[in-house]
Amino acid sequence: MNLFQIVLRNLRQHLLSTIITALSIALAGGLLMSIWSVKQQSEQTFTRVNSGFDAVLGARGSKLQLVLNSIFHLEASTGNLNQTDYDYIRRHPTVKRAIPIAVGDNLKGYRIVGTVPELFTDIEYAPHHTYTLREGKLFDPTKKEAVLGEFAAHQLQLNVGDTFHPFHGLAYDPRNQHPETYIVTGILKASNTPADKVIWIPLHGLQTMGGHDPKAANDISAILIQLRSPTSGFVLDLLYNKQGNRLTFAWPIGAIISDLFGKIGWFDKVLTLIAYLVALVSAAGVLVAIYNSMAARSRDIAILRSLGAHRRTILGTIVLEAATIGALGMILAFIFYFGILSLVSAIIRSQTGVMLNIFSFDFVMIWAPTTMIALCALGGLVPALKAYRADIASNLAPVS
Amino acid sequence: MSLLAIQSLKKSFVTPTGEKKVIVDIPHFLLEHAEQRALRGESGSGKTTFLHLIAGILAADEGSILIGQTDMARLSESERDRQRALSLGYIFQTFNLLQGYTCLENVLLGMSFAGKADKKRASEVLDRVGLSHRLNHYPRQLSTGQQQRVAIARALVNKPRLILADEPTGNLDPATSREALRLIRETCSETKAALLLVSHDSQVLSTFEGVQDFSLLNKASNEGGAK
């Protein structure tokens, strides 16, 4: 019998303790890996999401609010721009494309955004990816037609040919139903971007929805901008943010979102600290579990020694046993990891439309198990040293 | 040359009151190859300590314990462990089987630390002690007599030159005791291993031709030092 077989026997002999300790390691390891991975992936994914635009122009206000409202379809609008602002930026030499959007209505909490068909035909939301229809066709900008993002269509159970009445405001209130009836003409393929949870209708339709201020019939909420060159953003930044005081030019989008993650970085640190503490407590659990069993197994150790086992063999057996509990725990941790990540990913998708790739490799999948197993082995060293120092003769009772 | 030659062997312990107490003080002791010797001694006479010293479980304070050419008293602890695994078999009163291991595994474990684990050999020895049908049974599933037979098999499996038996029948009923003793003596004869058995049971001792009184052998007993 080799060392590892002896270790497996020991684990089997203390099966309940082994299972409970391994489960606590699994939970701690799964939590640690999930927190780390969600933090990394969210930051990487969200700073990449720009729906194919370099900048956003909106009413004077917070750049972050402007980006969240017009790119992520979260938060309230900073206010409106008029048609002249749109015409000016559209023709600006530094601007390649300008897509206007208007917000202000919803259907059961899903945002209705007015825009132009060029958003779907001319814009690559990610390199080499344009929005494509899963079924149906794009809306006619002159009619009361709608194209739904895949997630919104699924959640609202709407299909091509179905009709609906928009509701006023960004939050759903059944009392605020508009009289207009829209027909669903198309459903987009999932793009795993915020567009998936939006109901897209013609810009003019939203601007002229019954109950909206007729004086604002030409107003838009924001203009999504593609620049001709990355550096031309400086010109517009100077023009709108430094020289002007009526509009806000949010650029570059990735940096603004990155700034958001910077601001909430302390929260990540708290979560990570909690995960580290949980991991430490679990490793201490291995120490306690094995240490508590030492009294019961002191006789077994003495017998092994009487059969010729060296002190260092006994020490190695117990350290290996602790490391094995850690390894078993970390194998199980991946089940918790994928479970937690699937849940978090589903929540993020339902809130933002953005999909995290739960199966993508993260370095945490290497260092967390390695560290955890090493910590468990370290925890096992305490009872192992006790076993190392144990007196054989006194544990081989009775003495005659 | 004798198999076991002990000269001026001394072992003492420090009592809880800090007093140093000599437990074993044996000026001279010899055991020949394949000889079977019994030592008579009452509980607390230092017999177990004496066997532990021979087996290298305890380190001697003074003297020499020659097993063949090797002086156990001069070896380091890890060398004594190695010698114990290779050249000695030890049969305990309480069997000292590992409860989480089957009969076969208990015997195999005895071979592992000598670096010669061999399932076939372990099965053969268990067959010799009449347990071929209990190879995969755990100690708790066996009678006390059967457990002692596993312990005998474990002690013999490495073909040691010397078997130490410490009250090997102390936990058995008279009939089982006789059977266990017969088995120990027979198997030792078959393998030409020397046997040094300590007991206070007159029935056990009566089966030996040469019985030595441990209190006469151990000077510490005469001085009231042994525990």
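The model is predicted: local features need pLDDT of at least 70, side-chain atom pairs count only at pLDDT 80 or more, and totals for chains, interfaces and linings use all residues. Residues are numbered from 1 along each chain as its sequence is written, chains are lettered from A and ligands numbered from 1 in the order written, and side-chain values use heavy atoms, without hydrogens and water.

**Cores**

In soluble globular proteins, nonpolar side chains tend to be buried together. A nonpolar core here is a set of buried Ala, Val, Leu, Ile, Met, Phe, Trp, Tyr and Cys residues joined through side-chain atoms within 4.5 Å. Buried means under 20% relative accessible area, exposed over 50%, and partly exposed in between (1.4 Å probe, protein chains only).

The largest core has 120 residues. Among those touching the most other members are Leu4(B), Phe29(B), Phe50(B) and Leu196(B). Its largest share, 10 residues, comes from helix H11 (residues 311–352) of chain A. Helices (H or I, at least four residues) and strands (E, at least two) are DSSP runs, numbered from the N terminus. A second, separate core holds 73 residues, including Leu64(A) and Ile348(A).

Beyond four places in sequence, Phe50(B) is in contact (heavy atoms within 4.5 Å) with residues including Ile6(B), Val24(B), Phe29(B) and Phe214(B).

**Interface**

Chain A gives 26 residues to the contact and chain B gives 36 residues. About 2,600 Å² is buried between them, 57% of it from carbon and sulfur atoms. Buried area is the accessible area (1.4 Å probe) that two parts lose on being put together, summed over both.

The rule finds 4 salt bridges across the interface. A salt bridge is a side-chain nitrogen of Lys or Arg within 4 Å of a carboxyl oxygen of Asp or Glu. Glu77(B) and Arg305(A) form a salt bridge through their side chains, at 3.5 Å, N to O.

**Backbone**

Most residues other than glycine have a negative phi, and most peptide bonds are trans.

| Residue | Phi | Loop |
|---|---|---|
| His73(A) | about 55° | between helix H3 (63–70) and helix H4 (83–91) of chain A |
| Ala34(B) | about 65° | between strand S2 (20–31) and strand S3 (36–40) of chain B |

His73(A) is buried, with a relative accessible area of 5%. Ala34(B) is partly exposed, at 41% relative accessibility.

The peptide bond from Trp251(A) to Pro252(A) is cis, with omega near -10°. Pro252(A) sits in the loop between strand S13 (247–250) and helix H9 (253–263) of chain A.
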